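Me: I am new to this structure and would like to learn how to read it. Could you walk me through some of the features?

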Amino acid sequence: MIYTKDISKAYNGTTVLKIDELNIPKGQSFGLVGNNGAGKTTYFSLLLDLIKPTTGSISNGEIIVDQSEDWKPYTSSFIDESFLIGYLTPEEYFYFIGDLRGQNKADIDALTSKFEDFFNGEIIGKKKYLRDLSKGNQKKAGIVAALIGNPEVIILDEPFANLDPTTQIRLKQILKDLAEKQGVTVLISSHDLMHVTDVCERIVVLEKGEIIKDLETNPATLKELEAHFAGNLEPVQEEE
Amino acid sequence: MIKHFINLEWKQYFRSSYWQKSLGLNILLVFFALYFIVVFLILGFGLLPILKKVFPDQDPFVVANGFIFFWIMIDLLMRFFLQKLPVMSVKPLLTLPIKRSTVVHYVLGKSALSFFNFLPLFAIIPFSIMLIVNDYCTSTALTWMFTMIIVVLIGNFLNFIIEAFSAELEFSFLPLIIFVGTLYGLDAFGIVSMTSLLGDAFLGIANNPIFILVPIAILALCYSFNFKLLKDKLFLDSSLKSKITEVKAADLSWTKRFGDIAPFMQLDLKLIWRNKRTKSSVWIMLIGLLYGLFFYPQPMYRDMVWLFPFIGIFVTGIFLINFGQFIPAWDSGYYKMLMSQNIKYEQYLRSKFILMVLSVAIIFVLSIPYVYFGWKILVAHFAAAIYNIGVNSHIMLYGGSFNRKKIDLNQRAAFNYQGTGAVQWIIGLPLMILPMIIFAILNWLIGFETGIIALILLGIAGIVFHKKLMRIITKRYLDSKYKMINAFSQDN
């Protein structure tokens with residue numbers, strides 16, 4: 001579904017990301033882990049054509065992302081709070097995204113009603129603007145907005161950060177269902193090794209912009225990852 | 001401590017992506033500043049001889065003092081619309097071992113160094129020199145000079161008090177208009193003669209230097225009041241507290257008739273109505289509608305036909321200029337999201353275009369009553385409206401692609417009364433002056449009708465080539481897409 005070839009991104013001569021080849025098949029739940037500055041967000045930004053690659057290309061469903069926009073209808077994402085429109089209520093935001101993705105109000109209402117548990121009664125019908133919600137609730141709204149319009153590819157950057165434990169567990173279930181039952185390709189990044197190993201079938205470790213591990217998740221993966229990051233304790237450059 | 005603050009601001013200013021882009025604008029601002037300095041210098045040196053000529057049988061110094069009331073009123077009005085309290089991001093400082101009072105003193109002190117406080121000096125000091133040259137008592141002249149400087153500073157701090165209070169209100173400029181209007185009314189209808197009252201007060205101070213303590217006391221009072229206001233605001237919870245505003249959703253289904261751009265129209269209308277900064281441009285639009293009343297009732301201007309299109313462009317285009325010049329920065333907070341969605345740039349831009357066109361059409365209809373002052377005014381306004389729709393709207397959209405400054409609509413930081421600054425008006429000037437020049441030349445060479453027809457033809461040309469122009473504009477936006485995303489994701 002997503003094929004990355006020879007991609008690199010450099011700022012003023014400093015390479016922050018360099019991936020020779022990475023193929024993510026359809027329906028895979030894919031996890032990206034790495035320390036700060038490893039290139040996770042850079043990779044997602046390249047994938048969404050928000051920054052221009054220095055070399056190489058990424059194709060999403062056969063379409064090269066920086067040459068055509070035809071990948072947008074089936075791709076959705078939530079990278080950070082800047083994806084939200086602060087002066088809308090959550091409902092209005094969902095309807096707006098729905099309008100852009102060809103969904104009517106009834107479709108959106110049907111979708112959001114499925115997430116009542118997830119919202120925990122704090123999002124819908126509160127008559128509050130998104131800018132007045134707490135960080136965690138903003139994140140919930142953003143994640144659900146990324147599920148609107150039956151996307152085939154969903155990209156979430158750090159979806160577990162800022163969420164309370166109950167919501168984290170619910171989110172894990174939602175993400176698993178998406179990949180297993182609906183065949184959606186899910187890409188997430190996280191600092192929480194436990195969550196990633198719970199959710200993802202495949203985990204890629206980035207370090208200083210390069211892939212250094214590519215693992216199929218099995219019961220031993222968590223141990224392996226922990227050993228890797230603990231053994232990494234020689235001075236690591238924090239760039240973020 | 002002050003040294004650190006200055007250092008921080010220096011870096012904030014020069015490291016922002018805005019600076020690099022707006023060099024031209026900065027040069028323009030310097031040019032305007034020089035222009036005003038020259039005007040004030042001429043005023044300062046020339047006023048005394050002029051007054052001597054016009055009022056040969058009166059003491060020119062007394063006459064000049066009679067004007068001080070108007071000086072103060074105009075000063076307050078100009079400051080209110082153009083001068084803003086210096087913004088400083090205080091949140092990172094609050095948890096550091098810095099006294100709150102230091103921060104406040106610094107912000108207030110910095111405001112005293114504003115250009116608006118230096119400009120009057122270029123008139124006040126030469127005037128005082130002229131007084132001494134013309135054999136007035138030196139101590140009188142010097143006392144008068146210092147009093148004026150103190151009055152300038154009082155204006156500076158009084159303005160921030162007014163702004164602090166009016167920032168809470170929907171009609172932010174209403175309190176000031178009422179304040180100035182009342183004082184002016186009292187004077188004009190002879191109830192309390194403010195002009196002679198203030199004039200006498202100034203003469204009194206000039207003759208008895210001890211009375212200078214009174215304005216100094218007023219200044220101290222204004223300063224300490226400002227200090228108290230700001231210090232109260234300088235707590236985290238005032239910028240963090242979630243102001244629970246009940247959402248009042250309006251029915252916007254009428255936008256559906258615009259077809260595929262309806263979602264964007266709805267978004268734009270909500271944008272305008274739900275953010276203080278955009279909302280103020282709606283009120284400015286209504287004030288701008290009355291701008292013509294400034295000129296047309298006076299017979300002096302009624303013969304200056306060449307001025308009509310300028311006023312017409314201003315009146316019908318004020319929203320276009322105010323709102324248009326920040327496209328697409330209004331959406332900068334969520335620009336990344338828009339760019340990753342399945343949208344067509346052209347639809348996004350067309351929604352903004354339609355909004356501007358609608359505003360021009362609505363204001364033109366509202367401005368029809370100006371026909372009372374002569375049919376030529378109505379015709380000129382009509383031509384100006386067409387010109388705005390056909391030419392200025394496209395220029396605004398095209399210029400928007402050079403926008404690199406983020407607008408943080410969600411910001412509720414202390415010290416931030418987001419509003420209109422001097423820069424905004426200067427950008428609008430060429431848009432108004434160019435059509436005026438075109439019209440004035442044709443009007444002078446050939447005649448009124450030719451000038452009007454030229455403006456209308458230019459406007460119609462823009463409308464005819466709308467599709468083509470939009471394609472060029474859209475391409476320009478696409479080309480600078482990455483740059484815009486990058487700039488909009490930076491703070492400051």
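Reply: Gladly; we will look at helix packing, then the chain contact, then the cores. This is a predicted model, where local features need pLDDT of at least 70 and side-chain atom pairs count only at pLDDT 80 or more, while totals for chains, interfaces and linings use all residues. Residues are numbered from 1 along each chain as its sequence is written, with chains lettered from A and ligands numbered from 1 in the order in which they are written.

Me: How do I read a pair of packed helices, and at what angle do α10(B) and α13(B) cross?

Reply: Two packed helices are described by the angle between their axes and the distance between the axes. Here α10 (residues 138-166) and α13 (residues 213-233) of chain B cross at roughly 25 degrees, and their axes come within 9 Å. α10(B) and α13(B) are therefore roughly parallel (angles under 35 degrees). The crossing of α10(B) and α13(B) is left-handed.

Me: Which classes of residue make up the contact of α10(B) with α13(B)?

Reply: That contact has 17 nonpolar, two polar and no charged residues. Among them are I150(B), F157(B) and I161(B) from α10(B), and I218(B), Y223(B) and L229(B) from α13(B). Two residues are in contact if their C-beta atoms, placed from the backbone, lie within 7 Å.

Me: At what angle do α2(A) and α3(A) pack?

Reply: Helices α2 (residues 90-100) and α3 (residues 105-113) of chain A pack at about 125 degrees, with axes 9 Å apart. They are therefore oblique to each other, and their crossing is right-handed. F94(A), Y95(A) and G98(A) of α2(A) make the contact with K105(A), D107(A), I108(A) and T112(A) of α3(A). By class, these residues are three nonpolar, two polar and two charged.

Me: How many residues does each chain give to the contact between chain A and chain B?

Reply: Chain B gives 26 residues and chain A gives 25. On the side of chain B, α15(B) gives the most, with five residues. The class count for that side is twelve nonpolar, nine polar and five charged.

Me: What about the cores: how many residues are in the largest nonpolar one?

Reply: In soluble globular proteins, nonpolar side chains tend to be buried together. The largest nonpolar core here has 124 residues, and those touching the most other members include L47(A), Y93(A) and A145(A). Not counting residues up to four places away in sequence, A145(A) touches F78(A), Y93(A), F94(A) and I97(A). A second, separate core of 23 residues includes I124(B), V151(B), L153(B) and F160(B).

Definitions and conventions
Axes are lines fitted to C-alpha atoms, for helices over the stretch in contact, and angles run from 0 to 180 degrees between N-to-C directions. Helices (H or I, at least four residues) and strands (E, at least two) are DSSP runs, numbered from the N terminus. Angles under 35 degrees count as roughly parallel, over 145 as roughly antiparallel, 65 to 115 as roughly perpendicular and the rest as oblique. A crossing is left-handed if the near helix is turned anticlockwise from the far one by less than a right angle, and right-handed if clockwise. Ala, Val, Leu, Ile, Met, Phe, Trp, Tyr, Cys and Pro count as nonpolar, Asp, Glu, Lys and Arg as charged, and the others, Gly among them, as polar. A nonpolar core is a set of buried Ala, Val, Leu, Ile, Met, Phe, Trp, Tyr and Cys residues joined through C-beta atoms within 7 Å. A residue is buried if 20 or more other C-beta atoms lie within 10 Å of its own, exposed if 12 or fewer, and partly exposed in between; C-beta atoms are placed from the backbone.
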